[in-house]
Amino acid sequence: MVVSMQAFGTAQAGQPEKLGHVEVDVVGYGRLATTALARRVAAAKAAGHPLDPITVVVPSNTTGLSARRLLAVGDSRTGLPSINLANVSFVTPFRLAEMLGAGLVGVRKPLTNPVLASAIRATLATNPGMFAAVAGHQATQSAIVALYGELSRALPVTRERIASASRRGAEVVRVVGEVAARLCEFFDEDDLAEAATAHLDAAPEAAHQLGTFVWYLPDRLTPAMTSLMAAALARTRSAGVVVALTAEPTADAAVVDTVRRVGIALEDRDASIAGIQRPSADRMLSVSDGDEEVRQVVREILQLASEGTPLNRMAVFLPASASYGRTLIQQLDGAGIPHNGAAPKRLAETVAGRTLLTALALDNNGWGRSDVIALVADAPVRAGHRLVPSRRWDTISRRAGVVGGLGNWQVKLHQLEATFEATIAEVDQHESEKSARRYAMALDLETTRQLAAFVDRLAGGLAALDQSRAWAERAEATQVLLDELLGHEQGRSHWPEFEVAAAQRVDEAIAGLAMLDGIEANPTRATFQLAVAAELDATVGRIGRFGHGVLVAPLSSAAGHDLDAVFILGMAEGTCPSIRREEALLPDIDRHLADRGELQTQDDRLGAQHRSYLAALAAAGHRRTLLFPRGDLRGRRDRLASRWLLDSASELAGRRLFSSDVAHLPDEVMHTVASYVEGVAHAGIHGSVVERDVAALLASGDRAHHPLAVGDLGRGFTARSARTGPQFTVWDGNLAGQAGAISSPASGAAMSPSRLEMWASCPFKYFLANVLGLREREDPERIVELSPAERGTLIHAVLEAFITEVLERSEGPPGPDERWTSDDRQRVTELAEEAFVVVEDKGLTGRPRTWRRTKTEVLIDLDVFLTKDDEHRRQNRLRPELAEMAFGMNGEAPLSMELPNGRTLTFRGKADRVDIADDGHLVVLDYKTGSGWGYDKLADDPVRAGTTLQLGLYAEAALTRLGADEAEASYWMISSRGKYKKHGYPWTEATRKRFLDVTEAIVDGIESGLFPALPGEYNSFFAKHDNCTYCDFDRICPRDREDHQRATAGAPELTLLQRLELKEEQA
Amino acid sequence: MTATSPLTLVDDDERRRVEMEGLDETLFVEAGAGTGKTHELVERVVNLVVHAGVRLSAIAAITFTEAAAAELRDRIREAVEKRLAADPSAVEKAACERAMADIDQAAISTLHGFCLRILSAHPLDVDLPPNVEILDEVASQLAFENRWSRFVDDLFDDPDTEELVLRAWALDIEVDTASKYKASFKDVAAIFEDSWDRLDLLCASVPAPLAAVDLRAVSHALSTMRQAMTTNIKADDKLLDRAREVETSVDEVLGEADQLRQLRMLREHSSGWKSSGKGVGAKWQDVEAARAAVDAVGEAAREVAERAINEVLRQLSIRLARFTSAAAEHRRAEGQLDFHDLLVLARRLLRTSPEARAALHDTYERLLLDEFQDTDPIQARWRC
């Protein structure tokens, strides 16, 4: 059949040309196409019985749905009549092939993506050829999947040309041929189309079931599908084609070519489409970036809706390479705007998909602590019938010291379990009533057991997957694993509808893998995971109900819609049109070797993109809006306006515009929203409650006192303003008047000197640590070596145990001239080995290698210490008297000291050791393991402005305990770095007075709620302030902490800090 | 300035030469910032298309940033459109229309973009998978952090590196930084990452086993110092006190059996082994000689420590170089490349694949480079 069109494109005039029995309408997209279709269906109805069948072939299911709805209800506003659609079928070409060809493909099975991918893997595994280095890569598999359909159906001569053009071409043709040979037992859409075509040719009466045949909006089809359409047009008694064009030749080329292939020649093209105007936008918005595009489009939708445009008559189209589809869905949800359309997620990103992939990757990732916690925290993972308490599990795994590796998980959790059990048993022995502490510990024990059981089950599930061999077995094991983690189908009932549907698709994808055994025998675990990943790298499908709310769809699906308002986002070069990249395996140079239309070239793709864009514009009868993102925040660069946007802008401006003109366009051509703030401030309608509130605040002169500035927001405004001022406010750490919330160190239990020292070094640190009770969490897996604090604890523990033993000996401690014996040294080593086990159980040792070295270092330090101790006792005529002398703890009475103001304070603490000299004076020692940096200043100020209070307190406690007259106190550095030196001073009346003065100032400071941050000097080497370098709270302090400190430096409240400093007369 | 400009500039002749003349010749243009180089480049491209019969698809125009490349493409499109609007001859009109059809696919890009184009056309020739993903700055940094963690894990777990790691530890060489504010070997890793193609020599090096700590020079200097101390005339002198401190400290080091501990002590204490100008001349026979003797002990000790540090750094560097190169190869195999990978692999492709060379030669007749001054060594070689 050859239909020669002489003049058309006159759908507006309602005079479609009829040639033979095929009537062809050439119209524009949008309402023009809908009207033509309506007329054609109405004419068919009028020509026969109202229930005679009519078959309308549509480019996609959504186009069919859209057309069916509009035709059924009509549009009274524009005079589109309602049509009786009884027995009118809207089908895609594939569905048509199914209707006519089902049952004609023999015993062959349908070809699915997993089957095709499997055949490709099997082919590459058998004979990889040029693909040897990349045969196992998912991209290789995907690239061959992508070209397989086209190339396997290309004419033999085309394949020959490509094979002889280059080595790569020959290899690609070979692989595709071998894959096709493996798939001879399967059929695809084109096989179905060919079978249907053959059936129509052999039995033309089969076409009668179609009734009147209408091909609506022809677009590019595969050769087999095109042949089917040609056969259907030829065999049906009444046939029509509604061809939509855009009046842009390069955009229309594929459509013209497709209809030409079915025998409809569109001649004198320019003249024939004269009646069709190239669609153009009537509103253009320039915004700062992609996020702002989304916010702006939501405002535009709300504005139109408020003016009466129904939401279901609006659509937002997104170019394929625009990456903010998810943000748009969030903003629409946030604004409460119903919507429907393509889901912006892939299966791998859904709850079920990502849970499965994370679980499967655990073995590869070495069962990292954070990987397991991420698995349970990122989805409603179940342990038995209950949801996993992921935060508690995180805490327990850190506490157990899990660093990664399945064995480590199991050992550490069982160790922690045993620790809890032992502690609870001990508590039960001493406490008759169940305390809160015991209750908490029992809860932790139960949590630890649950986590351990979960890890065992998860490991079992993965082991079962490993033990499987065949695809079916592995698929079954995978499904069991997923069900174990997320529960069966019925357990997902409380999930969002979208996630339930996605989980079902994940289940189906897993089941689909079970049928690969006939193609690719006994896959490895890696191959299986590759296949799972490939299956989950698919879009989820649709969200929302079609026709309900705003349509959000890819630009490529725009053809066939008929709406009131359309918004197109991402109108920047590189996004719309998108950047074109050569296909690596079958580039254009090869594709050009085929007959026109057989293999799609980049020009064809650009044409299709342009056609979709213009069809999207044509789809809107009332408002066509383009949004241009001027910048790319992630890429930190400016963007150029799309040339297609410039076409519309040129029409509005009445002259040809170029990119360089965009920045200077008048508002009637392009409305520029300068920034987010401007967008919010000047929006006629707001996209969310938050936006409305922000706008109100922006308009307010006094934001801190605006009625909306309540809660955290109000506090934020107030803080920002207060911190820049000279007053010492609550935002700078002035909690005066709120003393009730702060427990005084002078009230209640005895206090520790280290807390007071912390206040003296930085009152704000004291506030965070002791008033708010904040602590930094450890990541056990990232610990490289034992921390200095833990090392100090370890050495203290060893020496405490040793000296205590020595003091309990019947012969008493060694005298000044008695050296430690080799047995003593051996005993210290034994005690150290015991202490090492304790640290190992806590999981705080760092890496095995550094831990081994740390242990050696500790043993050496202890040994050197014993030698130095011999010297210490001999030179100072000393013998040990007390070890770990406690006061205010371990059942010992606290130490009371009267301050200059008459108040009495009680202290608690534990001095590491007290020696007594031949002359009766005491030497109090406190072990330290650092470098001793800063302690040389003790000679100038024994309390170092309040940051070193321990020594004096210990000396005072020793004097009280032992009733001696004189005492001196020293820190003893037990490390090579500290050169095993001692730093201290004699405890005299003067030092005692200084101690009490400073302590009084600190207590006054805490009680008066004085908690300013004292960052200290800025250290350019560490790029930090001195007091912040090793502070756990560095990250949560304001960045401009030094500015705040400087701003309030003159505040009268802070004069109290001067009492910490040593005055000249004291020095 | 073009001929239609109402202004006449003193360098109009030169500008015309750039735009119009010698269109089949190689030309080097040197000009200051803001003088209109890019404008002349655009004009030359358009004239190549309109007057010299060169297809736009046969021109590679390379510039420095993606934004500049996008702008260059846009300006060429605008220039061609304006020529079309200016009533050209039939031949010129045909050339312009062909250029408009070609412009989207024309090689107007950054050098990295051009490399990606070549690699994408011949991935299998350099064992790249068909679809290459380019990691942006954020993704590259994340990938680097992950790789660095793996390197540290390997280093700490490999039984062959025990002594190396412990020496680094003893010598205070921060392998993995505990604080981002502290310099560590990770900084070296970042530099290696940016130049991984230049690590071949280091990768091929076979590191000698770590030498035993040799303190003979320190011992000798100590003996000399002791000798010098005998020249003291009056005992009450700070130099003498200092010498005694040094002597005690050095003796401790020499008496230490554990080599790692010796190194650690040298590292920690040797900076204080110096005379610091102490000593009163009248109390010594030759105070300068005595000071020099004290200083010589410190210098000998620091030299031992420095040598040990260099040795450790070299071994770590070799391991890191091998790891970095292996990681680059892994990125290649995975098809996830960073910007530097693009340059290196494209160079490798052209060196090893005659087919790719021939294709490049056949495709591009003209090469125009903007911002030539902003190139690093590999880019410069590429462009040559």
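A salt bridge is a side-chain nitrogen of Lys or Arg within 4 Å of a carboxyl oxygen of Asp or Glu. The exercises below apply this definition to a predicted model.

**Exercise 1.** Determine whether A:D870 and A:R819 form a salt bridge, and describe where each residue lies.

*Solution.* 
Step 1. The closest N and O atoms of A:D870 and A:R819 are 3.8 Å apart. The cut-off is 4 Å, and the pair forms a salt bridge.
Step 2. A:D870 belongs to helix 32 (residues 848-876) of chain A, while A:R819 is in the loop between helix 30 (788-808) and helix 31 (822-842). The two residues are 51 residues apart, and the pair links distant parts of the chain.
Step 3. Buried means under 20% relative accessible area and exposed over 50%. A:D870, at 5%, is therefore buried, whereas A:R819, at 57%, is exposed.
Step 4. Both residues belong to a network of salt bridges, which also includes A:R825, A:D863 and A:R913.

**Exercise 2.** State which helices are joined by the salt bridge between A:D428 and A:R438.

*Solution.* 
Step 1. The closest N and O atoms of this pair are 2.6 Å apart.
Step 2. A:D428 is partly exposed at 31% relative accessibility; A:R438 is buried at 16%.

**Exercise 3.** Decide whether chain A is as compact as the globule rule gives.

*Solution.* 
Step 1. Chain A contains 35 helices and 31 strands.
Step 2. Its radius of gyration is 40 Å, well over the 31 Å that the rule gives for 1067 residues, so chain A is more spread out than a compact globule.

Terms used
Residues numbered from 1 in each chain as written. Chains lettered and ligands numbered in written order. Predicted model: local features only at pLDDT ≥ 70, side-chain atom pairs only at ≥ 80, totals over all residues. Heavy atoms only, no water. Helix = DSSP H or I, 4+ residues; strand = E, 2+ residues; numbered from the N terminus. Rg over C-alpha atoms; globule rule 2.2 N^0.38 Å. Buried < 20%, exposed > 50% of the residue type's maximum accessible area, 1.4 Å probe, protein only.
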